[in-house]
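Hello,

Here is the structure I promised to pass on. Please open it first, then read the notes below it.

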Amino acid sequence: MDITEQKQTHERNAYLAHHDLLTNLPNRLLFFDRVTQSLALAKRQSYPLAVLFIDLDKFKPINDSLGHEAGDEVLRLVAGRLSGCVRASDTLARVGGDEFIGLFPDVGNRDSLSFLGERLLGVFDEPFEVMGHLVSLSGSIGLVVAPADGEDQDSLLKAADEAMYRAKQAGKRRVQLSAVSPGRAA
């Protein structure tokens, strides 16, 4: 194996280790690395950092009625639409099943955070065409902000997950913002 082949093999292995093979989005490992780096930078530069958790609503019936191949295609399509809504500086990752997490450096204010959540929900406005079927589904989103809702990845992801469950309990297809304290950056 020559140097060029070794380099290509190394790059391919690095990609496989850091990306979800179904959607080509970053995986949990790469996401956590980016969170760690972004938290340090946000702290140094004093800007807020948002983390979100998205869980697809009504996904299980797709797998049950159309099969896992159709479910996989829906996940790829959802990933593509969500990716089209985020900035190059943001990170969207698939962390398993029908769950996605996002990292949004320098989110601005609370209004921009609400706008982000609504924009991401908008990807579900149109049905997905899969294997000759139109499939409608939605997502429930929990959004939190560092440092107001946590100062490390574990506390932020836990808060985002809890906010997402509150969105589901409130009727699904909703964005649930964190309970940011008044006067704190969000």
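Keep in mind throughout that this is a predicted model.

I start at the end of a helix. H6 is followed by Gly-171, and the phi of Gly-171 is positive, near 125°. H6 itself covers residues 153-169. Its 17 residues reach 24 Å from the first C-alpha to the last, close to the 24 Å expected at 1.5 Å a residue. At the N-terminal end, Asp-152 provides the cap. A side-chain oxygen of Asp-152 lies 3.0 Å from the backbone nitrogen of Asp-154.

Which residues of H6 are buried? They are Leu-156, Leu-157, Ala-159, Ala-160, Ala-163, Met-164, Ala-167 and Lys-168. An α-helix has 3.6 residues a turn, so residues three or four places apart point the same way. The cover over the buried residues of H6 includes H2, E1, E3, E6 and E7.

The side chains of Asp-55 and Lys-168 are joined by a polar contact of 2.9 Å. Asp-55 lies in E1. Its relative accessibility is 11%, so Asp-55 counts as buried.

Now the cores. The largest nonpolar core has 35 residues. Leu-56, Phe-100, Leu-120 and Leu-137 touch the most other members. Strands E1 (49-57), E3 (99-105), E4 (128-130), E6 (138-146) and E7 (175-177) each supply at least two residues of this core, and so do helices H4 (68-83) and H5 (110-121). H4 gives the largest share, six residues. A second, separate core has 20 residues, among them Phe-31, Val-144, Leu-156 and Leu-157.

Take a closer look at Leu-137. Setting aside residues up to four places away in sequence, Leu-137 touches Leu-56, Asp-57, Phe-59, Ile-62, Val-74, Phe-124 and Phe-128. Two of these residues bring us to the aromatic rings.

The structure holds two aromatic pairs. In one of them, the rings of Phe-124 and Phe-128 have their centres 6.3 Å apart. Their planes stand at 65°, so this pair is edge-to-face. Phe-124 is buried at a relative accessible area of 5%, and Phe-128 is buried at 1%. Phe-128 also has a charge over its ring: the charged end of Arg-81 sits there, 3.7 Å from the ring centre.

Next, helix H2, which covers residues 28-45. Two of its residues deserve a look.

- Ser-38 is found in H2. At 13% relative accessibility, Ser-38 counts as buried. Ser-38 touches Tyr-47, Leu-49, Leu-103 and Pro-105, not counting residues up to four places away in sequence.
- Leu-39 is buried, with a relative accessible area of 14%. Beyond its neighbours within four places in sequence, Leu-39 is in contact with Leu-49, Ala-146, Glu-151, Asp-152, Gln-153 and Leu-156. Leu-39 and Val-145 are 106 residues apart in sequence, yet 11 Å apart in space, C-alpha to C-alpha.

H1 covers residues 3-18. Its 16 residues reach 23 Å from the first C-alpha to the last, close to the 22 Å expected at 1.5 Å a residue. Asp-2 caps the N-terminal end of H1, with a side-chain oxygen 3.2 Å from the backbone nitrogen of Thr-4.

Last, the backbone. Most residues other than glycine have a negative phi, and most peptide bonds are trans. Where does this model depart from that?

- The peptide bond from Ala-146 to Pro-147 is cis, with omega near 10°. Pro-147 is found in the loop between E6 and H6.
- Met-131 is not a glycine, but has a positive phi of about 50°. Met-131 is in the loop between E4 and strand E5 (133-135).
- Arg-173 is not a glycine either, and has a positive phi of about 45°. Arg-173 is in the loop between H6 and E7. Its relative accessible area is 34%, so Arg-173 is partly exposed.

Best regards

Technical notes:
Residues are numbered from 1 along each chain as its sequence is written. This is a predicted model: local features need pLDDT of at least 70, side-chain atom pairs count only at pLDDT 80 or more; totals for chains, interfaces and linings use all residues. Side-chain values use heavy atoms; hydrogens and water are left out. Rings of Phe, Tyr and Trp (its six-membered ring) pair if their centres lie within 6.5 Å; planes under 30 degrees apart count as stacked, over 60 as edge-to-face and the rest as tilted. Buried means under 20% relative accessible area, exposed over 50%, partly exposed in between (1.4 Å probe, protein chains only). A charge sits over a ring if NZ of Lys or CZ of Arg is within 6 Å of the ring centre and within 35 degrees of the ring normal. A nonpolar core is a set of buried Ala, Val, Leu, Ile, Met, Phe, Trp, Tyr and Cys residues joined through side-chain atoms within 4.5 Å. Helices (H or I, at least four residues) and strands (E, at least two) are DSSP runs, numbered from the N terminus. Contact means heavy atoms within 4.5 Å. The expected span of a helix is 1.5 Å times one less than its number of residues. A polar contact is a pair of N or O atoms within 3.5 Å; within protein, one must be able to donate a hydrogen and the other to accept it, and residues adjacent in sequence count only if both atoms are side-chain atoms.
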